[in-house]
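Thanks for asking me to look this over with you. Keep the model open beside the note and find each spot as you read.

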Amino acid sequence: MKRFPRTFLNVITSTARRKIEVAMVKVCSLSEIPPGTLKGLQLDDGRRVLVVNLDGELRAWDGTCTHEEADLSTGFLLGERVTCPLHLSQFDLNSGEAVTPPAKTSLRKYNLKVENEEIYVDLD
Ligand code: FES
């Protein structure tokens, strides 16, 4: 087994730790998103995150419509679907699938975690 100097390992582990910390983004507090609501967050790099509370089950998706980049957090949540405010495509918030045209591409799913009543999304 190859041996690495301790300083090298410290650099590697601190870089990995920093990457993990950067990838987790706080979206909102749990109390800000009751069942049947959604919350959007615009990141500095232009990406959007959409968090939805489906009867107590939290899910996180890319918040930009896959058709022409509308902000889905300004759309309409009905049951387990969100409707894009621009051309009315609907996305299934269990699978991310675009279920009505004109959008054809599914939303990207993000993992999330709740820690100390705060919701964090993993952007990796
Ligand atoms: S931008 Fe969403 S359906 Fe066109």
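The points below go from the whole chain down to single residues.

1. First, what you are looking at. This is a predicted model, in which local features need pLDDT of at least 70 and side-chain atom pairs count only at pLDDT 80 or more, while totals for chains, interfaces and linings use all residues. Residues are numbered from 1 along each chain as its sequence is written.

2. Now the overall layout. The chain has 1 helix and 9 strands. Here helices (H or I, at least four residues) and strands (E, at least two) are DSSP runs, numbered from the N terminus. Reading from the N terminus, the order is α-β-β-β-β-β-β-β-β-β.

3. Some totals for the chain. Among its 124 residues, 23% count as buried. A residue is buried if 20 or more other C-beta atoms lie within 10 Å of its own, exposed if 12 or fewer, and partly exposed in between, with C-beta atoms placed from the backbone. Of the contacts with a separation of 6 or more, 37% join residues 24 or more positions apart. A contact here means that the C-beta atoms of two residues, placed from the backbone, lie within 7 Å.

4. Two strands count as paired if DSSP finds at least two bridges between them.

5. Follow strand 3 through this sheet. On one side, strand 2 (residues 37–42) and strand 3 run antiparallel and are joined by 6 bridges. Thr37 has Asn53 of strand 3 as its bridge partner. The hairpin of these two strands has 5 residues between the strands, and Gly46 in it takes a positive phi near 95°. Strand 3 and strand 4 also run antiparallel, with 6 bridges joining them. Val51 stands opposite Ala60 in strand 4, and Val49 has Asp62 of strand 4 as its bridge partner. The hairpin of strand 3 and strand 4 has 2 residues between them, and Asp55 in the turn has a positive phi of about 50°.

6. Is strand 3 mostly covered or mostly uncovered? Strand 3 is mostly covered, with 5 of its 7 residues buried. As background, nonpolar side chains tend to be buried together in soluble globular proteins. A nonpolar core is a set of buried Ala, Val, Leu, Ile, Met, Phe, Trp, Tyr and Cys residues joined through C-beta atoms within 7 Å. The largest such core has 21 residues, and those touching the most other members are Val27, Val49, Leu50, Val51, Ala60, Trp61 and Val121. Strand 3 (48–54), strand 4 (57–62) and strand 9 (118–122) are the elements that give two or more residues to this core. The largest share, 4 residues, comes from strand 3.

7. Pick out Trp61, which sits in strand 4. Why does Trp61 count as buried? Trp61 is buried because 23 other C-beta atoms lie within 10 Å. Not counting residues up to four places away in sequence, Trp61 touches Leu50, Leu93, Gly96, Leu107, Arg108, Lys109 and Tyr110. The C-alpha atoms of Trp61 and Ser106 are separated by 9.9 Å, although these residues are 45 residues apart along the chain.

8. Ser29 lies in strand 1 (residues 24–29) and counts as partly exposed, with 13 C-beta neighbours inside 10 Å. Leaving aside neighbours within four places in sequence, Ser29 is in contact with Glu117 and Glu118. Ser29 and Glu118 are 89 residues apart along the chain, and their C-alpha atoms are separated by 4.3 Å.

9. Strand 6 (residues 81–83) pairs with strand 7 in the antiparallel sense over 3 bridges, and Val82 stands opposite Phe91 in strand 7.
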